[in-house]
Amino acid sequence: MNALGDLSPYLVLIAAGFLPNEVWRMLGVVVAHGLDERSELVIWVRAVATGLLAGVIAKILLFPPAGLAEVRPGVRLAAIAVGFAAFLSVRRSVFAGVLAGEAVLMLGAYWFG
């Protein structure tokens, strides 16, 4: 079998998914260089980004797609609660909130699945 044929789905994923997104990330780094983190514009952008992330997570957990629909609703809601608590307790860290919520979701799916 052709080695390139085996890798073609991954190459398409990189070309269509990763690279276009990475261009905007790098542009954001260049544009944001030198901005004051405490400026009202940066605070507003961070709040909008956090709100969008919260909305996407809530939509996915409350109206789950295929595989996630098999996880009990109580586990999904517990993951939201724990993730939000972690976000607040770790200096409003989105990373900590997502990590804690994901851990609860995976453990709950394992235990109650």
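This is a predicted model: local features need pLDDT of at least 70, side-chain atom pairs count only at pLDDT 80 or more; totals for chains, interfaces and linings use all residues.

Tutor: The buried residues of α3 pack against α2 and α4. These buried residues are Val 75, Arg 76, Ala 79, Gly 83, Ala 86 and Phe 87. They lie on the same side of α3, because the arc they cover around the axis is only 110 degrees. An α-helix has 3.6 residues a turn, so residues three or four places apart point the same way. On the face of α3 turned away from this buried side, Pro 73, Gly 74, Phe 84 and Ser 89 are exposed.

The span of α3, which runs over 73-89, agrees with expectation: at 1.5 Å a residue its 17 residues should span 24 Å, and the end C-alpha atoms are 24 Å apart. After α3 comes Arg 91, which has a positive phi, near 50 degrees.

Now the neighbour α4, which covers 94-112. Its 19 residues reach 27 Å from the first C-alpha to the last, close to the 27 Å expected at 1.5 Å a residue. Buried in α4 are Ala 96, Gly 97, Gly 101, Leu 105 and Gly 108. They are on the same side of α4, because they cover an arc of only 160 degrees around the axis. α2 and α3 are among what covers the buried residues of α4. Phe 95, Leu 99, Met 106 and Tyr 110 are exposed on the other side of α4.

The helices α2, α3 and α4 also come together in the lining of the largest pocket, to which each supplies at least two residues. This pocket holds about 470 Å³ of space. Of its 21 lining residues, Ala 54, Ile 57, Gly 83, Gly 97 and Val 98 lie nearest the centre. The most lining residues come from α2, which gives eight. By class, the lining has 14 nonpolar, six polar and one charged residues.

Gly 28, Val 31, Ala 32, Leu 35, Leu 41, Val 42 and Val 45 line the second largest pocket. The elements giving two or more residues to this lining are α1 (3-32) and α2. Six of the lining residues of the second largest pocket are nonpolar and one is polar, with no charged residues.

Terms used
Residues are numbered from 1 along each chain as its sequence is written. Side-chain values use heavy atoms; hydrogens and water are left out. On a 1 Å grid over the protein atoms alone, a cavity is a set of points where a 1.4 Å probe fits but cannot get out, and a pocket is an open set with protein on both sides within 12 Å along at least five of seven lines; lining residues have an atom within 4 Å of a point. Grid points are joined across faces, edges and corners, and a volume is the space filled by probe spheres set on the points. Helices (H or I, at least four residues) and strands (E, at least two) are DSSP runs, numbered from the N terminus. Ala, Val, Leu, Ile, Met, Phe, Trp, Tyr, Cys and Pro count as nonpolar, Asp, Glu, Lys and Arg as charged, and the others, Gly among them, as polar. The expected span of a helix is 1.5 Å times one less than its number of residues. Buried means under 20% relative accessible area, exposed over 50%, partly exposed in between (1.4 Å probe, protein chains only). The arc is that of the directions from the helix axis to the C-beta atoms. Contact means heavy atoms within 4.5 Å.
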